[in-house]
Protein chains: 2
Amino acid sequence: MDGWSVEVIDQRRLPHDFSIVQLTNVEEAAVAIKDMVVRGAPLIGATAAYGMALAMRSDASDATLEDAHSMLLETRPTAVNLRWALETMREVLLPLPREERLVTAYSQAARICDEDVEINRSLGEHGLKILQEIAARKKPGEPVNVLTHCNAGWIATVDWGTALAPIYLAHDSGLPVHVWVDETRPRNQGASLTAWELANHGVPHTLIVDNAGGHLMQHGMVDVCIVGTDRTTSCGDVCNKIGTYLKALAAKDNGVPFYVALPSSTIDWSLRDGLKEIPIEQRDAREVTHVRGLNAEGELAEVAITEATTKASNYGFDVTPARLVTGLITECGVCEASEAGLKKLFNK
Amino acid sequence: MDGWSVEVIDQRRLPHDFSIVQLTNVEEAAVAIKDMVVRGAPLIGATAAYGMALAMRSDASDATLEDAHSMLLETRPTAVNLRWALETMREVLLPLPREERLVTAYSQAARICDEDVEINRSLGEHGLKILQEIAARKKPGEPVNVLTHCNAGWIATVDWGTALAPIYLAHDSGLPVHVWVDETRPRNQGASLTAWELANHGVPHTLIVDNAGGHLMQHGMVDVCIVGTDRTTSCGDVCNKIGTYLKALAAKDNGVPFYVALPSSTIDWSLRDGLKEIPIEQRDAREVTHVRGLNAEGELAEVAITEATTKASNYGFDVTPARLVTGLITECGVCEASEAGLKKLFNK
């Protein structure tokens, strides 16, 4: 706690080990995003904002500002909050005289974080109403079964989370919820982060493989799906962790409502067709061929699940077309996943 | 090679270790099926048939025959080849005088195995025509991209496999094929068995997580899906490894043909509605919370991907409704996945 370095939880070591990493310059911030020490669209944005502040600490010149912007922007191509946070920082800092940039950078990054907390709490309240309506149609005391994919909880944001915010608020208000947690291969953010978050908050949950959700929906065991998103287009197409599209198809096929929770900073107003226009990040094949966990000795270790020669491909995200999305839960309310729905809600 | 014990490959150790397990009595055969030393509907049937032969070796009485039948039948509830093979053995053995049962049991089990090889080769040839038709519509030399889920290769049968049989025949005939291999959580039969089989046969392939297939189909990277099945109803509903349904939904949504390859012994003529009538096996949660592979020291080891307290559920199969299936590839030809299609092909 030196007052200037940035402390983040190393999410790669959860749930087995809670360790804090200190970021002391922009390069370290970029590596933390790229290597997924931090992940989750809102948290990536917040970390990038602080990365800009760290850059200003070494040198508050225009060149350093632009270099930091480029370096951080390149770390993850799909999430749009990253770009949004970096643009916000640049717009605020560039007009300022150099000597004011450092202090403003820290205060602006802090503002982005504070706003994220408020936004998520607010979208959580809008999502809570959806869960309350579902609960009202069930027998008293019967839990609302929510399926979620990947992690869009507080650890993906600054606090509360997006998809998990309504769940936390429901649980805290005494509404019984049970969450089906997709493990979310290849990086298992569901198994390692969502299950860990829910356990810490006392929310009943059951881990499942990504293959299982369709079967559960066929058998009436899921009342609603709620996921996060890394980028949503102006027409309501939703880019999120690979596999989200398959769950949306199963929800549609079984009449299960499928909601996406997002801060409005996740909307990319410049795009329409998510399938054609959103760049899909490809990551290291090793994330597929190797699995990390705790070995029998209680140490973090990796095992290879394939022969060493096996080739793998690793697309990080997919796009769920708006036609499969029941609604978008935002800090301003819930809207239809369509151009009309988004325009109306955001007065565009 | 003592002339009477039954040797099987321990599939739990593949692809890292090729080791043979000797089954010397019916109890060992039952455990081998239950613990998935052997798996794959046709191979389960063949192993169960030999399990009956091993039982006859200890005592050829009616009581032992019935006990062996019950014990083996209980090992896996979903696959119907198991029941079919056991019924076949009982029908052949029960009318015989005791002194003839042992020899006949071995010869009948061998016949089941020989027939399996013939059946798979035959269904492979019917499936090959489908791949040839797809290839004819592509640019010369461009590979046909096949997506498969789980393992329905030679190691799931006695030889050739079901879903992989057309692929092997295509490759051997010089038709270029490339296979997208779903890793198939929780047991990773795709990563450990299908990828290993295809590599040994020289068939180009790429491993993907189960979440990825929808994205690939959205982007035109899959020409056809072919999977196996553990039980198919008289109306064409297909029960197969959990997650198959999600791929069938994505195939339908993207106009990708979705075929299921099966020996007719996999058809359960007594059932109509697969969703309501097929029992879905639930397996140990540890298959979800722990992953087995090769550690840095080159030893087979398990890692926990969750906290020790995380609860998981593990449904082994799901049912793909006939409406999502383009066709059934059988040893008698290809038919529509419907009551009419099946009745016509099998003269029922």
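Here are a few notes on backbone and surface details in this predicted model.

1. First, the ground rules. Residues are numbered from 1 along each chain as its sequence is written, chains are lettered from A in the order in which they are written, and hydrogens and water are left out. As this is a predicted model, local features need pLDDT of at least 70, and side-chain atom pairs count only at pLDDT 80 or more.

2. Two cis peptide bonds deserve a look. One runs from A:Arg185 to A:Pro186, with omega near 10°; A:Pro186 sits in the chain A loop between strand S4 (177–182) and helix H7 (189–201). Helices (H or I) have at least four residues and strands (E) at least two, as DSSP runs numbered from the N terminus. The other joins B:Leu14 and B:Pro15, where omega is about 0°, and B:Pro15 belongs to the chain B loop between strands S1 (6–9) and S2 (20–23).

3. B:Cys150 is not a glycine, yet its phi is positive, about 60°. Its loop lies between strand S3 (144–148) and helix H6 (165–172) of chain B. B:Cys150 is buried, at 5% relative accessibility (buried is under 20% relative accessible area, exposed over 50%, partly exposed in between, using a 1.4 Å probe and protein chains only).

4. B:Asn347 is another non-glycine residue with positive phi, about 50°. B:Asn347 follows helix H12 (339–346) of chain B and is exposed, at 72% relative accessibility.

5. A:Glu299 lies in the loop between strands S11 (290–294) and S12 (300–304) of chain A. A:Glu299 is partly exposed, with a relative accessible area of 46%.
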